[in-house]
Amino acid sequence: MNKGFNKAGQAGFTLIELIVVIVILGILAATALPKFTGLSGDARKASLQAARGALSASSAMLHGRALVAPNEAAFLVDGNVSVAMSNGYPSATPAFANAAGLEDDYTASVNSAGALRIEPKNIPKSMTNCFITYTPAATAGALPVLSTMQGVNCD
C-alpha cells in the first residue's frame, strides 16, 4: 500500500499550462506597450530642459565674470571658446551654446529675431516645435530670456 509520487510521470508542463502562461504574457505586453511608446518624446523634452538649465547656468557664470570685468567684449571659456558679451550677458551665438556644453547633442543657430535656437540633433523633420530659445539682454540692466518649456512638442 505504499503509493509514492511517480517522478517519471511528471516530465514537463502540459499544453494547457503553456497556453495560459502565453496568454498572460500577451495581456501584460498589450497593457505595458502603450506606456513605453511615448517615452522618446518625454526623453527629448527632458533633454531640452537640461539644455535650458545649462544655458541658464552658463549665462549666470558669464554675467558674474562681466560684473568683475565690465569692459571685456568677450570671455574665453574652457581655454578655447570665445563668448561675445553684450549688456553684461552672453550674446546669442553658437559659441555660447558650445560654452554651455551643448555642441555634441544639439544644433545651435541664430534665428531671424536674433535669438539663439537650440534643438536636439537627429530629430524627425516633422518636429518643428521641439526647441528652446535664448534671447540676449536687450539693454543694460535687462535680463536675457530663456524660452519656457510650455508649448514644446517633441513627440
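This is a predicted model: local features need pLDDT of at least 70, side-chain atom pairs count only at pLDDT 80 or more; totals for chains, interfaces and linings use all residues.
**Exercise 1. Find the aromatic pair and describe its geometry.**

*Solution.* Rings of Phe, Tyr and Trp (its six-membered ring) pair if their centres lie within 6.5 Å; planes under 30 degrees apart count as stacked, over 60 as edge-to-face and the rest as tilted. Searching the whole structure turns up one aromatic pair. Its members are F96 and Y134, with ring centres 4.8 Å apart and planes at 50°, so the pair is tilted. F96 belongs to helix α3 and Y134 to strand β6 (residues 132–135), so the pair ties together parts that are 38 residues apart in sequence. Now check accessibility: F96 is buried at 0%, and Y134 is buried at 1%.

**Exercise 2. Work out the surroundings of S91.**

*Solution.* Start with the position: S91 sits in the loop between β3 (89–90) and α3 (94–99). Its relative accessible area is 14%, so S91 is buried. Then list neighbours, where contact means heavy atoms within 4.5 Å. Leaving aside residues up to four places away in sequence, S91 touches A84, M85, S86, F96, Y134 and P136. The side chains of S91 and S86 also make a polar contact (3.4 Å). Such a contact is a pair of N or O atoms within 3.5 Å; within protein, one must be able to donate a hydrogen and the other to accept it, and residues adjacent in sequence count only if both atoms are side-chain atoms.

**Exercise 3. Which residues of the largest nonpolar core touch the most other members?**

*Solution.* A nonpolar core is a set of buried Ala, Val, Leu, Ile, Met, Phe, Trp, Tyr and Cys residues joined through side-chain atoms within 4.5 Å. Of the 30 residues in the largest one, L48, L55, L102, I118 and Y134 touch the most other members. Helix α2 (39–68) is one of the elements that supply at least two residues, and α2 gives the most, with five.

**Exercise 4. Trace the sheet that contains β1.**

*Solution.* Two strands pair if DSSP finds at least two bridges between them. The open sheet has three strands in the order β1-β2-β3, with antiparallel pairing. β1 and β3 stand at the edges with a single partner strand each, so one side of each is left without a neighbour in the sheet. Between β1 and β2 there are four bridges: for instance, A74 partners A84, and L76 stands opposite S82. Lastly, sort the faces of β1: F75 and V77 form the covered face, A74 and L76 the uncovered one.

Conventions
Residues are numbered from 1 along each chain as its sequence is written. Side-chain values use heavy atoms; hydrogens and water are left out. Buried means under 20% relative accessible area, exposed over 50%, partly exposed in between (1.4 Å probe, protein chains only).
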